[in-house]
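This report describes selected local features of one protein model. It covers helices, a sheet, a metal site and some side-chain contacts.

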Amino acid sequence: MLITLDDVLTGEELASARALLAECPWESGLATAGPQAAEVKRNRQVPEDAPHLPALRRLVLGALARDPMFFAAALPLRILPPFFNRHGGEENRYGLHTDNAMRQAPEGAWIRADVSATLFLSDPEDYDGGVLTIADTFGSHGVKLRAGSLVVYPSSSLHEVTPVTRGERLACFLFLQSMVRDAGHRRLLHDMDMALLRLRQEIGETEPVVRLTGVYHNLLRAWAES
Ligand code: NI
């Protein structure tokens, strides 16, 4: 299931992120690619020792932390520090791949990647191509969002970034372990959560709405791990 969230960053945050990225060094995306990804990964990313990386990470994590729709979509338990990449010029694509299941946090702990997310930082008019294409059981979906908007998708999916043939595409991408491991369970919970949100707006906190909210939490209790 793909969930897109509009305007996760404010205009001011987007401008700050771009200003910081403009001063960042870039290294080949091959620095963090496994052997299979290395065959298809042709992009650049901000290296771990870049001076502005901590500020960029704080900016993105702060925006995600205040967004209840991100919480509802991902049910995050542990979020790995976000990365920043750039597609353009010769290094303009990331072919079909799946994200590694287990990733090591900077302090050494292993985190299971259940959910991946891409935060678009370039305006879609500023580049051609660069579509994040994600395959799920219903087929393939192309995603190219407004700058400051985010897509959340299962890390288990096959996906790619199609070649950028004009301009450059800046993005932030991240992986997280969800409280709910199973993508189907996450989807049910999200569907129910969104329906409850609308019911509350349309008819208020009536007794059936309160009961259904209880069902949501009881399902979460059954499926969540911490
Ligand atoms: Ni990926």
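How many residues does helix H6 have, and what distance does it reach from its first C-alpha to its last? In this predicted model, helix H6 spans residues 207-223, a run of 17 residues. Its end-to-end C-alpha distance is 25 Å, close to the 24 Å expected at 1.5 Å a residue. Helix H1, covering residues 11-22, has 12 residues and reaches 16 Å, close to the expected 16 Å.

| Helix | Residues | Length | First to last C-alpha | Expected span |
|---|---|---|---|---|
| H6 | 207-223 | 17 residues | 25 Å | 24 Å |
| H1 | 11-22 | 12 residues | 16 Å | 16 Å |

The buried residues of H6 are Val209, Thr213, Tyr216 and Leu220. They lie on the same side of H6, because the arc they cover around the axis is only 50 degrees. Turned away from that buried side is a face with the exposed residues Glu207, Pro208, Arg211, Arg221 and Ala222. Helix H5 (183-203) is included in what covers the buried residues of H6.

In H1, the buried residues are Glu13, Leu14, Ala17, Leu20 and Leu21. Their arc around the axis is only 130 degrees, so they too are on the same side of H1. The face of H1 turned away from the buried side carries the exposed residues Gly11, Glu12 and Ala22. The cover over the buried residues of H1 includes helix H3 (53-65), strand E6 (83-87) and strand E17 (169-178).

**Strand E17 and Ser178**

Strand E17 also contains Ser178. This serine is buried, with a relative accessible area of 0%. A polar atom of the Ser178 side chain lies 2.8 Å from the backbone oxygen of Ala74. Leaving aside residues up to four places away in sequence, Ser178 touches Ala74, Leu75, Pro76, Leu77, Arg112, Asp114, Val115 and Arg186.

**The sheet**

An open sheet is formed by five strands in the order E3-E7-E15-E12-E13, with antiparallel pairing. At its edges are strand E3 (41-42) and strand E13 (139-143), each of which pairs on one side only. E13 is joined to strand E12 (residues 132-136) by five bridges, and the two run antiparallel. In this pairing, Ala135 has Ser140 of E13 as its bridge partner.

**The nickel site**

Which protein residues are donors of the nickel ion? They are His97 (NE2), Asp99 (OD) and His159 (NE2), at 2.1 to 2.2 Å from the ion. The spacing of these donor residues in sequence is H-x1-D-x59-H. His97 in strand E7 (residues 93-97) and His159 in strand E15 (residues 158-161) link distant parts of the chain, being 62 residues apart. Both strands belong to the five-strand sheet. His97 and His159 are buried.

**Ser157**

Ser157 is found in the loop between strand E14 (150-154) and E15. Is Ser157 buried or exposed? Ser157 is buried, with a relative accessible area of 7%. A polar atom of its side chain is 2.8 Å from the backbone oxygen of Pro154. With residues up to four places away in sequence not counted, Ser157 touches His97, Thr98, Ile134 and Ala135. Of these contacts, His97 is one of the nickel donors, and Ala135 is the bridge partner of Ser140.

Note on methods: Residues are numbered from 1 along each chain as its sequence is written. This is a predicted model: local features need pLDDT of at least 70, side-chain atom pairs count only at pLDDT 80 or more; totals for chains, interfaces and linings use all residues. Side-chain values use heavy atoms; hydrogens and water are left out. Helices (H or I, at least four residues) and strands (E, at least two) are DSSP runs, numbered from the N terminus. The expected span of a helix is 1.5 Å times one less than its number of residues. Buried means under 20% relative accessible area, exposed over 50%, partly exposed in between (1.4 Å probe, protein chains only). The arc is that of the directions from the helix axis to the C-beta atoms. Contact means heavy atoms within 4.5 Å. Two strands pair if DSSP finds at least two bridges between them. A polar contact is a pair of N or O atoms within 3.5 Å; within protein, one must be able to donate a hydrogen and the other to accept it, and residues adjacent in sequence count only if both atoms are side-chain atoms. Donors are N, O and S atoms within 2.8 Å of the metal (3.2 Å for Na, K and Ca); water is not among the atoms, so sites may look incomplete.
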